[in-house]
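Here are my notes for you, written as numbered points. Keep the viewer open while you read, and check each point as you go.

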Amino acid sequence: MNKKTKELNYQNNESEKKIDFVNQDAYTDMICYLRGSDISEYDQETVRQDLLEMILSAQKRNENIRSVIGEDYKSFCNNIVSNLPPKTI
């Protein structure tokens, strides 16, 4: 993992601590799904950062993440992943 990715990972880990229990399961499911996708570690962390921002913003509005992205997180994640380049060797 390069320095830029490590820094983003650290920031995401800190932000992740702010997720409430209502959103934790959906967030975990989305991250597990993203980790198995064919995108770079950096792109995974970038998407993770965006998801965290969406979740924390929804929490401030007293909404849960499923009301923002819908019930089908896989379709939501597929849409994001399909717009990113595949990882290279």
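1. Start with the buried side of helix α3: Asp 43, Gln 44, Glu 45, Val 47, Arg 48, Leu 51, Leu 52, Ile 55, Leu 56, Ala 58 and Gln 59 are its buried residues. Keep in mind that you're looking at a predicted model. What covers those residues? The cover includes α1 (3-16), α2 (21-35), α4 (65-69) and α5 (73-82).

2. Now look at α3 as a whole. The helix takes in residues 41-60, which makes 20 residues. From its first C-alpha to its last, α3 reaches 28 Å, close to the 28 Å expected at 1.5 Å a residue. Just after the helix comes Asn 62, and there you'll find a positive phi of about 60°.

3. Pick out Leu 51 next, one of the buried residues of α3. Setting aside neighbours within four places in sequence, Leu 51 is in contact with Met 30, Ile 31, Leu 34 and Phe 76. In soluble globular proteins, nonpolar side chains tend to be buried together. Here, the largest nonpolar core has 17 residues, and Leu 51 is among those that touch the most other members, along with Ile 19, Tyr 27, Met 30, Leu 34, Ile 55 and Ile 65. The elements giving two or more residues to this core are α2, α3, α4 and α5.

4. Compare that with Gln 49, which also has its place in helix α3. Buried or partly exposed? Gln 49 has a relative accessible area of 26%, so it counts as partly exposed. Leaving out residues up to four places away in sequence, Gln 49 touches Leu 8, Gln 11 and Asn 12.

5. How many aromatic pairs does a search of the whole structure find? It finds one. The partners are Tyr 33 and Tyr 73, in an edge-to-face arrangement with 6.3 Å centre to centre and 85° between the planes. Tyr 33 sits in helix α2 and Tyr 73 in helix α5, so the pair ties together parts that are 40 residues apart in sequence.

6. Stay with those two tyrosines for a moment. Tyr 73 is buried, because its relative accessible area is 17% and the cut-off for buried is under 20%. Tyr 33, at 26% relative accessibility, counts as partly exposed. Besides Tyr 73, Tyr 33 touches Lys 74, Cys 77 and Asn 78, again not counting residues up to four places away in sequence.

7. Finally, zoom out. The chain has five helices and zero strands. Its radius of gyration is 13 Å, close to the 12 Å that the globule rule gives for 89 residues, so the chain is as compact as a globular protein of that length. The C-alpha atoms fill a box of roughly 40 × 25 × 15 Å along the principal axes.

8. A few whole-chain numbers to finish. Buried residues make up 33% of the 89 residues. Among contacts with a separation of 6 or more, 74% are between residues 24 or more positions apart. The chain exposes about 5700 Å², and carbon and sulfur atoms supply 50% of that area.

Methods: Residues numbered from 1 in each chain as written. Predicted model: local features only at pLDDT ≥ 70, side-chain atom pairs only at ≥ 80, totals over all residues. Heavy atoms only, no water. Helix = DSSP H or I, 4+ residues; strand = E, 2+ residues; numbered from the N terminus. Expected span 1.5 Å × (residues − 1). Buried < 20%, exposed > 50% of the residue type's maximum accessible area, 1.4 Å probe, protein only. Contact = heavy atoms within 4.5 Å. Core = buried A, V, L, I, M, F, W, Y, C linked by side-chain atoms within 4.5 Å. Phe/Tyr/Trp six-rings, centres within 6.5 Å; stacked < 30°, edge-to-face > 60°. Rg over C-alpha atoms; globule rule 2.2 N^0.38 Å. Areas by Shrake-Rupley, 256 points an atom, 1.4 Å probe, with all protein chains shown as cover.
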